[in-house]
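Work through the exercises below with the sequence and the model open beside you. Try each task before you read its solution.

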Amino acid sequence: SAKVKYLNNNDGQLFRNVPMTCVLRQQPGKDSMSGIDFLPVQLRQVGGKRADIPSCTGPQQLHWLALDQGNGQIRFRATLGCFLNIQNGRVASCAHPTSNFKLLRVSDNNYDNETDVRLSDTQNITKARNKELWMIQSSDGFYLTIVSDCLDCSKTPAFWQIENLSLISTTDTPPRRQQYRKMWAHQTVDFVTRMRRKYLQFNLARMTLKDALDLVKGIPYQPFAVDSTNLPSLRTLCFTAAERARKEGFPDWVQLAALVHELGRVVSRISNHPDEDGDYDWTIVCQSRVVGCSSPDRASFGEFRFLNRDERSTKYNSEFGMYQAHCGFERLLLVWAGPEYMYEMLKHNDVCVPEECLAMIRLFVLDDWHSHNEYSHLANTNDEDMQEMIAGFDRLRRSAKRECVVDLTNKECNNLWTEYYHGVAAKYGLDNVLKW
């Protein structure tokens, strides 16, 4: 096998002098990378910047070699000669190696079980698998991650993606990938039509807005967290978003939109079967898209689009699909999700909020449109007039998510409702019992 030469020859010629005869071999069904004698790698952040490593002289950016130790384990050695180690729960560069690592693949599942996957989809399956997540786990159970530009470690799994010869840290998680994979597989024109027929009868429950807020206090605000222990509740996020809008001086109907924008998830509490097609929970808020026409290239998790039947249908896979130019978003079918349900539920109950409030609740998830101008060929002048306002609302709720750290108590939520938000709800006809 090839031997490493000139590891400490820091003259800029290192990688040319190392005999690069070894390749990274990925074998289907394996949960770790094997077959590495050595491989130059970069540990990078999202965006491409190399991660720093703490040292006694300050943070350093180093070039790394992954050295095979056998049994699926590797060591990271810098071209300067030091090793990446984890000591006492902290990352350090040391002259002598003490830490071995395993590179563990988190599979998106076996595509052979997908009923709509064809033999001709082999290339698409390969593309999707190339986006799968990896974990870098030390021999003592820590996971390598990046915090504030520096390599760090945690007992909670952290995730990376492989691109060329780089390991790129990502905030993505396996639950998030699974949710988007299921969304691509399920959300067709037929599925959305069936869900609308089922849920637009609004016969699940009769309750007040406050009842719904109390029901979602048992749902973690972050549905894709690997460890949801001690996370704030969805109810806390709703009040946090509303308070953010209130403090920034937005009209009270914007505050109301912020309060209810994720309340569609209550369906998972009042319906025993939020989806008749398996374990896909459509109530979870994700980046949306229009069904019935082709999705933009930049659509979230587009590597899974080949799982969607409509993407192969000549009726739906063109720019306009089943729609007319500038028909307006009111006539579009969007992915059936919590925000779409809330939009329809409020209309059904004849609440008197402004049209802009309803548009915020429905369209904040259509990021490809309001922030990137996709689907502009379907928008009418009314949609265009509200586009920047909806993008601003999405920025507001994202800021609120970052502020959502500590769970609000029952007393705090009750006080906010009694002293202020009940009055806002009453002003717009949301203080009575509603049909859900």
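**Exercise 1.** Find the volume of the largest pocket and describe the residues that line it.

*Solution.* Begin with the volume, which is the space filled by probe spheres set on grid points that are joined across faces, edges and corners; for the largest pocket this comes to about 1,200 Å³. A pocket is an open set of points on a 1 Å grid over the protein atoms alone, where a 1.4 Å probe fits and protein lies on both sides within 12 Å along at least five of seven lines, and its lining residues have an atom within 4 Å of a point. Next, of the 34 lining residues, Thr 171, Asp 172, Arg 176, Gln 222 and Phe 224 are the closest to the centre. The elements that give two or more residues to the lining are S13, helix H3 (174-186) and helix H12 (381-403), and H12 gives the most, with 4 residues. Here helices (H or I, at least four residues) and strands (E, at least two) are DSSP runs, numbered from the N terminus.

This is a predicted model, in which local features need pLDDT of at least 70 and side-chain atom pairs count only at pLDDT 80 or more, while totals for chains, interfaces and linings use all residues. Residues are numbered from 1 along each chain as its sequence is written, and side-chain values use heavy atoms, with hydrogens and water left out.

**Exercise 2.** Decide whether strand S1 (residues 38-44) is largely enclosed or open, and name its partner strands.

*Solution.* Count the buried residues first (buried means under 20% relative accessible area, exposed over 50%, partly exposed in between, with a 1.4 Å probe and protein chains only). Because 6 of the 7 residues of S1 are buried, the strand is largely enclosed by the rest of the structure. Then look for pairing, which requires that DSSP finds at least two bridges between two strands. S1 runs antiparallel to strand S4 (residues 64-70), with 4 bridges, and in S4 the partner of Phe 38 is Leu 67. S1 also runs parallel to strand S13 (residues 166-170), with 3 bridges, where Leu 43 stands opposite Leu 167.
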